[in-house]
Amino acid sequence: MSLAYRIVFECPNGHNINLQKKCGSVSLSEAKAIKLFGNEELSCPKCGWHGKASGVRLLRILPFNWILAAAT
Ligand SMILES: [Zn+2]
């Protein structure tokens, strides 16, 4: 079982964008998440916006089990 995080960002038009990442760290703060994933390219499934994760608002960090998540 490996720990992973679903990080929810908000696109400039107010939609949620989910980013799923494996992470060895047991606790991930918002500041740490931005540091680690700020360079990730996001794209909004609803309006087509895309850009860097560091340029948008981080809404939530949700830890989950990667193995279970892979099946969904
Ligand atoms: Zn959007």
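Biologist: Let's start with Arg6: which residues does Arg6 touch, not counting residues up to four places away in sequence?

Modeller: In this predicted model, and leaving out residues up to four places away in sequence, Arg6 touches Asn18, Gln20, Leu62 and Phe64. Arg6 itself is found in strand E1, and the C-alpha atoms of Arg6 and Asn65 are separated by 9.9 Å although these two residues are 59 residues apart along the chain.

Biologist: And why does Arg6 count as partly exposed?

Modeller: Arg6 has 14 C-beta neighbours inside 10 Å, and a residue is called buried at 20 or more and exposed at 12 or fewer, so with 14 Arg6 counts as partly exposed.

Biologist: OK, zooming out. How many helices and strands are there in the protein, and what pattern do they follow along the sequence?

Modeller: The protein has 2 helices and 5 strands, and read along the sequence they follow the pattern β-β-α-β-β-β-α. The radius of gyration is 12 Å, close to the 11 Å that the globule rule gives for 72 residues, so the protein is as compact as a globular protein of that length. Along its principal axes the C-alpha trace spans about 35 × 25 × 15 Å.

Biologist: What share of the contacts with a separation of 6 or more comes from residues 24 or more positions apart?

Modeller: Residues 24 or more positions apart account for 56% of those contacts.

Biologist: Now the sheet. Which strands form it, in what order, and is the pairing parallel or antiparallel?

Modeller: It is an open sheet of 3 strands in the order E2-E1-E5, and the pairing is antiparallel. Strand E2, residues 16–22, and strand E5, residues 57–65, stand at the edges with a single partner strand each, so one side of each is left without a neighbour in the sheet. From one strand to the next the twist averages 20 degrees.

Biologist: How many bridges are there between E1 and E2, and how many between E1 and E5?

Modeller: Strand E1, which covers residues 3–10, pairs with E2 in the antiparallel sense over 7 bridges, while E1 and E5 pair in the antiparallel sense over 8 bridges. On the E2 side, the bridge partner of Ala4 is Lys22 and Tyr5 stands opposite Lys21, whereas on the E5 side the bridge partner of Phe9 is Leu58.

Biologist: What about the hairpin of E1 and E2, how many residues lie between the strands?

Modeller: There are 5 residues between the strands of that hairpin, and in it Gly14 takes a positive phi near 90 degrees.

Biologist: Which residues make up the largest nonpolar core?

Modeller: The largest nonpolar core has 8 residues in all, namely Ala4, Tyr5, Ile7, Phe9, Cys11, Cys23, Ala33 and Phe37. E1 and H1 are the elements that give two or more residues to this core, and E1 gives the most, with 4 residues. For the protein as a whole, buried residues make up 11% of the 72 residues.

Biologist: Changing topic: where does Ala53 lie, and which residues is Ala53 in contact with?

Modeller: Ala53 lies in the loop between E4 and E5, and, leaving aside neighbours within four places in sequence, Ala53 is in contact with Phe9, Leu19, Phe37, Gly38, Glu40 and Leu42. With 19 C-beta neighbours inside 10 Å, Ala53 counts as partly exposed, because a buried residue needs 20 or more. The C-alpha atoms of Ala53 and Glu30, which are 23 residues apart along the chain, are separated by 12 Å.

Biologist: Last one, Gly51: which strand is it in, and how many other C-beta atoms are within 10 Å?

Modeller: Gly51 is found in strand E4, residues 50–52, and Gly51 is partly exposed, with 14 other C-beta atoms within 10 Å. The C-alpha atoms of Gly51 and Phe9 are separated by 11 Å, with the two residues 42 residues apart along the chain.

How values were computed:
Residues numbered from 1 in each chain as written. Predicted model: local features only at pLDDT ≥ 70, side-chain atom pairs only at ≥ 80, totals over all residues. Rg over C-alpha atoms; globule rule 2.2 N^0.38 Å. Contact = placed C-beta atoms within 7 Å. Pairing = 2+ DSSP bridges. Axes fitted to C-alpha atoms, helices over the stretch in contact; angles between N-to-C directions. Core = buried A, V, L, I, M, F, W, Y, C linked by C-beta atoms within 7 Å.
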